[in-house]
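User: I'm new to reading protein models. Could you walk me through this one with some questions and answers?

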Amino acid sequence: MYDTYESLMERTPWTFDAILAVAGKIRSGNGPLSPTFYKCLEEAQGIARSSLFGPVVRKEAVQGMLLLAAWSTNGWLPSGHAMRMALDLGLHRALEKLADDGGKQRTQDEERDLVVSARIWLCLYWFDHHTIRMSLGTGRPIVLRDENSIRHCRLLLSHPMASPTDVRLVAQVELIAQKTQIYETLAPLGGQVNHSTLSFIRRANVALDKWWSDCDELHRQTMDQDSLLRKILAGELHYAKLWVVCVALRGVAWDKMPFEQRELAFQAKDAASNCLSIFLTSPEYRAALRYAVHDSLVTAAFSGLFLLKMASLFPAELDLGAIIGQVEQLAQLLSEVAAERYALALRIMLANLRRKVGLLNGIDTPVPTMPPPSFAQEMIVSPSFIDPTMPPPFTMEELGFAWPADRGIFSPSAIPVWLQEQSLADLGLPVNGSDGIFLQMNVGNGWTGDFTPMPEAW
């Protein structure tokens, strides 16, 4: 065995501390964070800062930085540094070397080094493309555009040192390669949809279905139908189809769509509903959410937000009760796994929808039973607060929290524009990605359940 507890602790204190920090965060859940968590995170981030101005000689340093990035809400900063460290170490050439050994016989240690380097590189490639641009990332440019470095990714699946999760890694990389091509075709159109655009979207969906079919067959060889990784794969297919439509129709006036665009919107609604159903009906997926990175939580929350906006636009054509019930379940689930930042966005959109159609459809606001999370209390303002340029502010009760009305209301200025009443007809992706959808806390590192002030990775 190579990556044992003792071996990892000795080889790479950085990665070891990062793993313990992530574990400490997850173990704390909605409770107070332990001194062990703070100490491990302080150590890991301290080593990370020191790596900015000195040479990096071990690939484990890239792993440590990638761990800090994956469990951060602003992961594009540390992932950019991880990418440059990996390039400096030559990790981007690992797959090419595995594919072409030139007849040279490698030792077991040399072979393991190449396989591990290839895995790290594929993780970085996926993270840079998916989190930065292809999901609801930051809207910032992708750092790496060399597709040749991933060309031989399926070599890992047949390698003697293959890992059971390599099939998951390869599926992610192949999906992101497809989404990159889709994005580069649709994004420049600026929401202009014509017959050729619709034809391209149909072809894109066919390609995504084939990706899922091929990769699910690879998963099926070692996993049953209800396994977590196969559920995740199915969820990614539905979310990718939702994402395609949102990219294509960015900036479109959704309440004034012609028939073709309207059909696309309803296809995206079905994809969002299917994605959410997997989150809510799979016990394996529900249990795994407490370990989820920022991007997985964004996927779940955006699917729910999209459904609520569709319900607001087409209340007579959709089952509002079913949609609201589904999203309420998701909000509660996210609250239970210390993901209140994402749950609160859903609660705000639910309150918006109830204001718009609640009385008309007999949907009553539920009786609040839980207190607001501590970070939300910092967004409460005096009940006398009035801004004539903004819609009437939400009470905490409207957001589902037990909080006396005379003790304050939720500050309208804390709500991103995409979630506000005047943006209910906007279902496209914000230009600045998830930063334009989810509330900005005092700190944005995503490490704490209660968002108390903490040092960033820098």
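This is a predicted model: local features need pLDDT of at least 70, side-chain atom pairs count only at pLDDT 80 or more; totals for chains, interfaces and linings use all residues.

User: How many helices and strands does the protein chain have?
Analyst: Let's start with the whole chain. Its accessible surface comes to about 20300 Å², and 55% of that belongs to carbon and sulfur atoms. As for the elements, the protein chain has 17 helices and two strands.

User: What share of the 458 residues counts as buried?
Analyst: A residue counts as buried when its relative accessible area is under 20%. With that cut-off applied to the 458 residues of the protein chain, the buried share is 55%.

User: Among contacts between residues at least 6 apart in sequence, what share joins residues at least 24 apart?
Analyst: Here we skip the contacts between sequence neighbours and keep pairs at least 6 apart. Of those contacts in the protein chain, the share joining residues at least 24 apart is 73%.

User: Why is helix α4 largely enclosed by the rest of the structure?
Analyst: Helix α4 runs over residues 60-70. Among its buried residues are Glu60, Val62, Met65 and Leu68.

User: How many nonpolar residues are in the contact of α12 with α14?
Analyst: On the α12 side the contact includes Phe266, Leu276 and Phe279, while α14 brings residues including Phe306, Leu307 and Met310. Five residues of this contact are polar and one is charged, and the nonpolar ones number eleven.

User: What about α12 and α15: is their crossing left-handed or right-handed?
Analyst: These axes come within 10 Å and cross at roughly 45 degrees. The residues that meet include Ser273 and Leu280 in α12, and Gln326 and Leu333 in α15. Their contact has six nonpolar, four polar and no charged residues. As for the handedness, the crossing of α12 and α15 is left-handed.

User: Is Ala338 buried or exposed?
Analyst: Ala338 lies in the loop between α15 (320-336) and α16 (340-361). Its phi is near 60 degrees, a positive value in a residue other than glycine. The cut-off for buried is under 20%. Ala338 has 10% relative accessibility, so it counts as buried.

Definitions and conventions: Residues are numbered from 1 along each chain as its sequence is written. Side-chain values use heavy atoms; hydrogens and water are left out. Buried means under 20% relative accessible area, exposed over 50%, partly exposed in between (1.4 Å probe, protein chains only). Helices (H or I, at least four residues) and strands (E, at least two) are DSSP runs, numbered from the N terminus. Contact means heavy atoms within 4.5 Å. Ala, Val, Leu, Ile, Met, Phe, Trp, Tyr, Cys and Pro count as nonpolar, Asp, Glu, Lys and Arg as charged, and the others, Gly among them, as polar. Accessible areas come from the Shrake-Rupley method with a 1.4 Å probe; for residues, only the protein chains shown count as cover. Axes are lines fitted to C-alpha atoms, for helices over the stretch in contact, and angles run from 0 to 180 degrees between N-to-C directions. A crossing is left-handed if the near helix is turned anticlockwise from the far one by less than a right angle, and right-handed if clockwise.
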